[in-house]
Amino acid sequence: MIELSKAQEERAMRLHRKAVVVDTHCDTLMQFLPQGWGQPARKLGERGDRGHIDLPRMVEGGITCQTFAMYTGRRAFVPEAPLVAMQMVDKFYSEIAANPGIVAVTAHDEILKAKREGKVCGLLAMEGAEPLMGDIAVLRVYHRLGLRMLSFAWNYRTPFADGLGAKRSESKLPELGVQALEEMDRLGILFDVSHLADSVFWDVSDIMKKPFIASHSNARAVCDHPRNLTDDMIRALADHGGVMGMNFAPAFVTEEGKDADVSKMVDHIDHIVKLVGPDHVGLGSDYDGIGSTPAGLEDVSKMPNITRELVGRGYSDEDVLKILGENHLRVFKQIIG
Ligand SMILES: [Zn+2]
């Protein structure tokens, strides 16, 4: 980790406190459900010694807005996905209601209000469209439940798109995926390309006029992993005005996760900023969805180490604030209102 002078350290902490810090991906909702093997479910309000995210650690890490994703697609066909997703929606609202320090939000001005009031906020997302059961009507109901960000697939094929692990993944979006994109545009749900097959990414990029995001993907030129985006994809995402959230999974940071640390993670930010400027990169930790973490990013309380690293590398105050959250806020404002 980078060494800072006393003045740089003070500047980094001042900036981090001032910033609206946005993290566009975590898998913490599944941790709130019974875990099996005698592991009790975790609680949002209790500082845990397992996992990466809970409210006390979010406050310590200076998080403003955490996106919580419903993830159900751990197999190619998941008949229980609709039920598990409903249990996750229930946990999203019941765990937040039990803690006065955090509020559920569905619009960018509610995030700014939470920041002014010194609160953390949660935004509901879905990673993989398995719970929608191939029906646009269910998508509309989820919008009423507060869903504001959606990816069509995890690694498998869904009725909406092919994930990057799907066979024959030279495919384009099926008709249902195109219809869902149009409905998301009408409703104001942000489209997330993380996990899509490359060919589907390009089809989405052709179809979409508005910004889309990659909630938790890094740069393939820095770490050659199929979950990361190529430079051409990053340029296309930037041309649409989108943002990509940096994923902390060691295997997406360095080859096979070797010596992954906060500095190597910030190398991805450097690469993207050199490629397309400072307006298209943010944070998408993948906390509670990854088995190990880079050194210096052991859990959400360590987020200030990213700000330290950016300050140490000479980023301007303006650019640090953009990367920590303003870039995502800009896209939230455009898409979800
Ligand atoms: Zn993921």
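Biologist: Does Cys65 count as buried or exposed?

Modeller: Please keep in mind that this is a predicted model, in which local features need pLDDT of at least 70 and side-chain atom pairs count only at pLDDT 80 or more, while totals for chains, interfaces and linings use all residues. Residues are numbered from 1 along each chain as its sequence is written, and side-chain values use heavy atoms, with hydrogens and water left out. With a 1.4 Å probe and protein chains only, a residue is called buried under 20% relative accessible area, exposed over 50% and partly exposed in between. Cys65 has 0% relative accessibility, so Cys65 counts as buried.

Biologist: How many disulfides does the structure hold?

Modeller: A disulfide is a pair of cysteine sulfur atoms within 2.5 Å of each other. For the sulfur of Cys65, the closest cysteine sulfur is that of Cys121, at 4.0 Å, which is too far for a bond, and Cys121 is itself buried, with a relative accessible area of 0%. For the structure, the number of disulfides is zero.

Biologist: Which residues are the protein donors of the zinc ion?

Modeller: Donors are N, O and S atoms within 2.8 Å of the metal (3.2 Å for Na, K and Ca), and a site may look incomplete because water is not among the atoms. In sequence the donor residues follow the spacing E-x67-H-x20-H. Lying 1.9 to 2.2 Å from the zinc ion, the protein donors are Glu127 (OE), His195 (NE2) and His216 (NE2).

Biologist: How many residues apart in sequence are the parts that Glu127 and His195 tie together?

Modeller: Helices (H or I, at least four residues) and strands (E, at least two) are DSSP runs numbered from the N terminus. Both Glu127 and His195 are buried. Glu127 lies in strand β4 (residues 120–127), whereas His195 lies in the loop between β6 (190–191) and α8 (198–207), so the parts that this pair ties together are separated in sequence by 68 residues.

Biologist: Which residues does Ile269 touch, not counting residues up to four places away in sequence?

Modeller: Contact means heavy atoms within 4.5 Å. Leaving out residues up to four places away in sequence, Ile269 touches Met246, Val281, Leu310, Tyr315 and Ile323.

Biologist: In β4, which residue is the bridge partner of Ala104?

Modeller: Two strands pair if DSSP finds at least two bridges between them. Here β3 and β4 run parallel and are joined by four bridges. The partner of Ala104 in β4 is Gly122.

Biologist: Does Asp288 count as buried or exposed?

Modeller: Most residues other than glycine have a negative phi. Asp288, however, has a positive phi near 65°, and Asp288 is found in the loop between β9 (281–283) and α12 (304–312). Met133 also has a positive phi, about 55°, and Met133 counts as exposed at 55% relative accessibility. Asp288, by contrast, has 6% relative accessibility, so Asp288 counts as buried.
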